[in-house]
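User: I've got a model open and want to talk it through with you. Could you take my questions one at a time?

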There are 2 protein chains.
Amino acid sequence: MPLVVVGGVAAGMSAAARARRIDPHLEILVLEKGEHVSYGACGLPYLVEGRVRESEQLIVHTPEYFRRERNISIRTGARVAAVWHARREVQLASGERIRYDRLVLATGASCDTCGIAGADQPHVFTMHTLEDAERMRTFLSQRRPRRAAVIGAGYIGVEAADALRRHGLRVTILERSEHALGRADAAFTDAVRRQLETHGVELRCGVRVDSLDGLDADMVVIAAGFRPNVDLAAEAGIEIGRTGAIRTDERMETNLRGVYAAGDCAEVRHIVTGRAVSIPLGTTANKTGRVAGANAAGARERFTGVAGTMIVGIFGMGFAVSGLSEAQARAEGFAPVAVRVEAKARPSYFGGTRTTVELVADRNSRRLLGGAVIGEEGAAGRINVIASALHVQMHVEDFEQLDLAYSPPFATAWDPLLIAAQQLRKEL
Amino acid sequence: MPLVVVGGVAAGMSAAARARRIDPHLEILVLEKGEHVSYGACGLPYLVEGRVRESEQLIVHTPEYFRRERNISIRTGARVAAVWHARREVQLASGERIRYDRLVLATGASCDTCGIAGADQPHVFTMHTLEDAERMRTFLSQRRPRRAAVIGAGYIGVEAADALRRHGLRVTILERSEHALGRADAAFTDAVRRQLETHGVELRCGVRVDSLDGLDADMVVIAAGFRPNVDLAAEAGIEIGRTGAIRTDERMETNLRGVYAAGDCAEVRHIVTGRAVSIPLGTTANKTGRVAGANAAGARERFTGVAGTMIVGIFGMGFAVSGLSEAQARAEGFAPVAVRVEAKARPSYFGGTRTTVELVADRNSRRLLGGAVIGEEGAAGRINVIASALHVQMHVEDFEQLDLAYSPPFATAWDPLLIAAQQLRKEL
């Protein structure tokens, strides 16, 4: 009896590949509405920028590869219109019905442009699929736009702005909220703004765009209004969580037995708050897909949750966050204390650049709740140490004791993380 | 009543500075046998290499700075000959006696060249102080040696070899044991050897050097036989541990009340084995100095231990370790399982280079015991994640769940650390 996977990008293909490993004989079918499967969607901004030269470079494996090497059947251009769980059937848009025994929904998220008047014009883009990116490349080379507006200052918006600026366009980012990169943190947003402005990109927060009319731009990228694609699931009677994504347990199973959800369409647990969240990221898609696929194939695996770790490169500077900002922590009912330190990432005599570390802890429990790292070097490594500490609910006192690597070409004797922890302990 | 600190480099000056913060009125005196205090000893190889141009760049603060800004008295050229704890007095080599209330011993370690015949010749060097490095620089520029032998393949030996090779010398490293960088790990040593050989440095293990006669070298660096400087302590009745370093509790206090030890002369607890170890590193010197200084000034702080985290750059490649290797784990009574994976540090389309991750876990408890990372990029960040996991005795299953940062300019969607953890879980 077959496993059917709806969606063939990060989560879907991770699920299919993992299910194959667990059960070499399982019949596995992936239904993908687009033309491609298994591509690195996080590379799209760099395809637009040109650093990635060809779409093919982003395609990890072709459908043919999966068929031949993994015995996984893939149908592209196959849009699933309905799920009839009582009959264990999915129905394609063509009307065709396909039986399943286990089902993995990896339907992703999309950018909801419906609310914006004029979003259907040819100079308006989203950046969600390889086709989107290719269409932007063509537009850039053929129309030579000079002025771009990017709607949304999430990571895709900021990366798109960076890419377009490198094509020589004047770029303005319009963000509805007061903060960039989804981080309720004024200092962090200021740092993002400074870096953007240094490189000629304007960031305007608190701007709601309902219509593209009157926008001074001959190219528009809509990178806002992300919503998990849950209509299919909701109509099938699958429970949707408070976040708007599909509710799952730690085995990535939905309320319907044998139906799993993974990737951007699924809720996951936040390891700091313990609450369900919907944070669309490629890493989480891969991990939850893997767990869903394993369980769908008969194994018992679990996904313990996310820290909300994210890094974005803006003109060569890494902006990384994990866990909660001070404002987010307060909103979650903690009594947050935050510090922000600037220190050299490596010794001055080695040309080390400045890095900023923010740490947030709870005054009552002394637990670390989150952090941010900004820097040209080592930002990923440092945020990963913070993320690792969040996974184990580490206290500030213990964080301060971490035995981190030091040698002049790589770090300073007192790593900026430890300096921040010392500061934070004083404030607690 | 004064705090006297014996030794004014990393541990000693950390202790003095921290004591000052705890107690603004405490009388603090640092006795340093050399000419300089507070210098970055870890930068010495780069001073020899020339990347650090002047000794002054390695001097963090001058004695004058400490007197003026911190109200800490410093006497350089002040060698302590004896400690009379019953009278709370230290005696200088000059015969002068100085009273103390609390004492911090930060006497460091030295390279014991006594066993090697011919070590007192002018072309033979150790690399321990600024004076050592300056003498080497002068020798290099005036004598233009062509053939160097480095005794010892610990981190100082390897860094010295790198520095001398960049001066154009033919360099051979002679190591008594079978492994490099103090890591009982054949694959790791092979990787070190390959990197050295690629850059024209020969590594010969299992070679015991008792005499420099017959060594085909017009310059010799002895970077072996490191011993904690404990004679002063031992003669004062301070207990020396099994490792040869001064025994301390987690407050860095010795068996004599009010006498603390910190830095290379002091034992610390290994967080994986729970046993006392002597691992001379600048980071640990700073941390234990800080704790000793705080407690000597009346605070109550503790040092929880080291993971043995270390990183060394060899011709641009980072070699990093933390915790135990498989062989070390077996020797400590664990039932180790180890995996070694090679994966891209960043996506191929971003020019990511290969990185090697080794993870070791205990088959019975499924605890992570150690790891190693080798790579041109991200080695420090990745070993720090491993170190953080070791601090909390993390299980492989939990390590595999870490929410690490991903974005194409910084990492791959599946970080090499997570790929290694997946592999390791299969093997357990």
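User: Which residues have the most contacts inside the largest nonpolar core?

Analyst: Keep in mind that this is a predicted model. In soluble globular proteins, nonpolar side chains tend to be buried together. Here the largest nonpolar core has 74 residues, and the ones with the most contacts inside it are Leu359(A), Phe399(A), Leu359(B) and Phe399(B).

User: Take Leu359(B), then: what does Leu359(B) touch, leaving out residues up to four places away in sequence?

Analyst: Leu359(B) is among the residues with the most contacts inside that core, and Phe399(B), also named there, is one of the residues Leu359(B) touches.

User: On to the interface. How much area do chain A and chain B bury between them?

Analyst: The size of an interface is often given as the accessible area lost when the parts come together. The contact takes 56 residues from chain A and 56 residues from chain B. Of the buried area, 59% is on carbon and sulfur atoms, and the amount is about 5000 Å². On the chain A side, the residues that lose the most area to chain B, together 16% of what that side buries, are Tyr349(A), Gln401(A) and Asp403(A).

User: Which element gives the largest share of the side of chain A that touches chain B?

Analyst: Polar contacts across this interface come to 18 residue pairs. The elements giving two or more residues to the chain A side are helix H8 (282–296), strand S18 (310–314), strand S19 (317–323), helix H10 (379–391) and helix H12 (416–427). By class, that side has 28 nonpolar, 17 polar and eleven charged residues. The largest share, eight residues, comes from H10(A).

User: How many salt bridges are there between chain A and chain B?

Analyst: One pair to look at is Glu301(B) with Arg425(A), whose side chains meet at 3.4 Å, N to O. There's also a network of salt bridges that links Arg18(A), Arg290(A), Glu301(A), Glu400(B) and Arg425(B). Over all chains the count comes to 48 salt bridges, and between chain A and chain B it is four.

User: Now Glu397(A) and Arg366(A): how many residues apart are they?

Analyst: They form a salt bridge, with the closest N and O atoms 2.5 Å apart. Glu397(A) sits in helix H11 (residues 396–399), and Arg366(A) in the loop between strand S21 (354–362) and strand S22 (368–375), so the pair links distant parts of the chain. Both are partly exposed, Glu397(A) at 24% and Arg366(A) at 28%.

User: In the salt bridge of Arg257(A) with Glu253(A), is Glu253(A) buried or exposed?

Analyst: The closest N and O atoms of this pair are 3.6 Å apart. Arg257(A), at 67% relative accessibility, counts as exposed. Glu253(A) is at 14%, and the cut-off is under 20%, so Glu253(A) counts as buried.

User: Where is Asn71(A), and what is its phi?

Analyst: Most residues other than glycine have a negative phi, and most peptide bonds are trans. Asn71(A) is in the loop between helix H3 (63–70) and strand S3 (73–75) of chain A, and is partly exposed, with a relative accessible area of 48%. Its phi is positive, near 55°.

Notes
Residues are numbered from 1 along each chain as its sequence is written. Chains are lettered from A and ligands numbered from 1 in the order in which they are written. This is a predicted model: local features need pLDDT of at least 70, side-chain atom pairs count only at pLDDT 80 or more; totals for chains, interfaces and linings use all residues. Side-chain values use heavy atoms; hydrogens and water are left out. Contact means heavy atoms within 4.5 Å. Buried area is the accessible area (1.4 Å probe) that two parts lose on being put together, summed over both. A polar contact is a pair of N or O atoms within 3.5 Å; within protein, one must be able to donate a hydrogen and the other to accept it, and residues adjacent in sequence count only if both atoms are side-chain atoms. Helices (H or I, at least four residues) and strands (E, at least two) are DSSP runs, numbered from the N terminus. Ala, Val, Leu, Ile, Met, Phe, Trp, Tyr, Cys and Pro count as nonpolar, Asp, Glu, Lys and Arg as charged, and the others, Gly among them, as polar. A nonpolar core is a set of buried Ala, Val, Leu, Ile, Met, Phe, Trp, Tyr and Cys residues joined through side-chain atoms within 4.5 Å. Buried means under 20% relative accessible area, exposed over 50%, partly exposed in between (1.4 Å probe, protein chains only).
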